[in-house]
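Morning, everyone. I have one model to walk through today. Please have a look at it first.

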Amino acid sequence: MTGTARWGIVATVAEPAPLVMAFVAHYLQLGAFEIHIYLDEPDDPVGDILKWLPPVHVTRCDEAYWKATAPRRPRRHNNRQSANATHAQAKSKVEFLLSCDADEFLRPASDVPAQLAEIPERLTWLKVFNLERTMIRGTPQRTIFDGAFKVHYQGSTETPLRTSDLAPMGFTGHAAGKPFVRTKIGMNIGIHVPRHGHIKARVVPPHHPADQIELIHFDGLTPLHWAGKFIRQAAQTPDRLEQLPPFRIAQWRRIAACLSDPEALRALYDEINGYDSPELDALEVDGFIVREVFDPTPALASAFPGHSVDLTPQAFDDLLQPRIDRWLRIARKNGVL
């Protein structure tokens, strides 16, 4: 393939508006031809902010949407993400569609369309590997995007990153990357890989590994946000908690013990997701740390002129807290907490 390829992005979101707005602004700045936002909570007010942007397609996942799309609304958040990504693929007009979360931001080394155009026709998707944000101990968090970024060398069995039962290979979240899929193939788009036919099919189509495009993943914009991922699961699919990967189960058990003590939760977050500055210096020399400022403020100003978007951790947590409280009430009613 020669020339350039049009591309888009799809995400299912249930996040405070500043994060969703930063996500959309970032991809607009990168030149995404389409941005598909599926609101997991159909009355999410961020939809009214986004609907005025022509490249953005907002879908409210209400009862009518699910009746038209699936036999019923999937219980698991991951399954809803997959269904929505596959739905966006069917109606998109782009050649490639990246499926990711609102806390994942593309980091291309050069022009995205030109890179996608270089993928051999026989390969149906591009695997985009992810870096993961880490906090710098002793440095106050000014915005939800502060920090440095850990590098995971795929296929390596050793890493100088700090490892534990809570962070195998040094990552607190996934290191599986996300799929950039050719839309005209009609694949089922899973969280990390697409498949022909049923999403649980054993055979994964061959892919092209990205070497000039990465994602940066903020696995918890704040300690409360990190805990919130588990609390939502405890409320919505409590039976699935014990089916998480072992390191995620270990994280949840430690988090559950800290829910009534914000300082203990912050200390836990700092324990497994923070590095001292000298440690980062040494890791940077070996290529396992990227010190880079991620600041979506210019992109936000361009995409949302006249909007004042507060990216401070406290403002973000204030917006997040009502969701957390609602999920906690449901989880406790279910006897999970």
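Let me start with a definition: buried means under 20% relative accessible area, exposed means over 50%, and partly exposed lies in between, with a 1.4 Å probe and protein chains only. Helices (H or I, at least four residues) and strands (E, at least two) are DSSP runs, numbered from the N terminus.

Two notes on the source. This is a predicted model, where local features need pLDDT of at least 70, side-chain atom pairs count only at pLDDT 80 or more, and totals for chains, interfaces and linings use all residues. Residues are numbered from 1 along each chain as its sequence is written, and side-chain values use heavy atoms, with hydrogens and water left out.

Now helix α4. In α4, the buried residues are H77, R80, Q81, S82, N84, A85, A88 and Q89.

Take H77, in helix α4. Buried or exposed? H77 counts as buried because its relative accessible area is 13%. Contact, from here on, means heavy atoms within 4.5 Å. Not counting residues up to four places away in sequence, H77 touches T12, D40 and R232.

On to the sheet. Two strands pair if DSSP finds at least two bridges between them. Seven strands make an open sheet, ordered β3-β2-β1-β4-β9-β6-β12, with mixed pairing. β3 (56-60) and β12 (207-209) are the edge strands, each pairing on one side only. From one strand to the next, the twist averages 20°. Axes here are lines fitted to C-alpha atoms, for helices over the stretch in contact, and angles run from 0 to 180 degrees between N-to-C directions.

Which helices pack here? Helix α1 packs on the sheet and touches β1 (7-13), β2 (34-39), β3 and β4. The direction of α1 makes about 175° with that of β1. Helix α4 lies across β1, β2, β3, β4 and β9, at about 150° to β1.

Look at β9 next. Five of its five residues are buried. K178, F180 and R182 point one way, P179 and V181 the other. β9 (residues 178-182) pairs antiparallel with β4 (residues 96-99) over three bridges. There, L97 stands opposite V181. β6 (residues 125-128) also runs antiparallel to β9, joined by four bridges. L126 has F180 as its bridge partner.

Now the interior. A nonpolar core is a set of buried Ala, Val, Leu, Ile, Met, Phe, Trp, Tyr and Cys residues joined through side-chain atoms within 4.5 Å. The largest one has 79 residues, and F23, Y27, L106, F145 and F180 have the most contacts inside it. Helix α1 (residues 17-30) gives the largest share, eight residues. A second, separate core has 15 residues, including Y65, A70, L97 and W125.

Last stop, H192. It sits in the loop between β10 (188-189) and β11 (194-195). H192 is partly exposed because its relative accessible area is 25%. Leaving aside neighbours within four places in sequence, H192 is in contact with W125, K127, H174, A176, G177, K178 and P179. What does its side chain reach at 2.8 Å? The backbone oxygen of G177.

Note on methods. A polar contact is a pair of N or O atoms within 3.5 Å; within protein, one must be able to donate a hydrogen and the other to accept it, and residues adjacent in sequence count only if both atoms are side-chain atoms.
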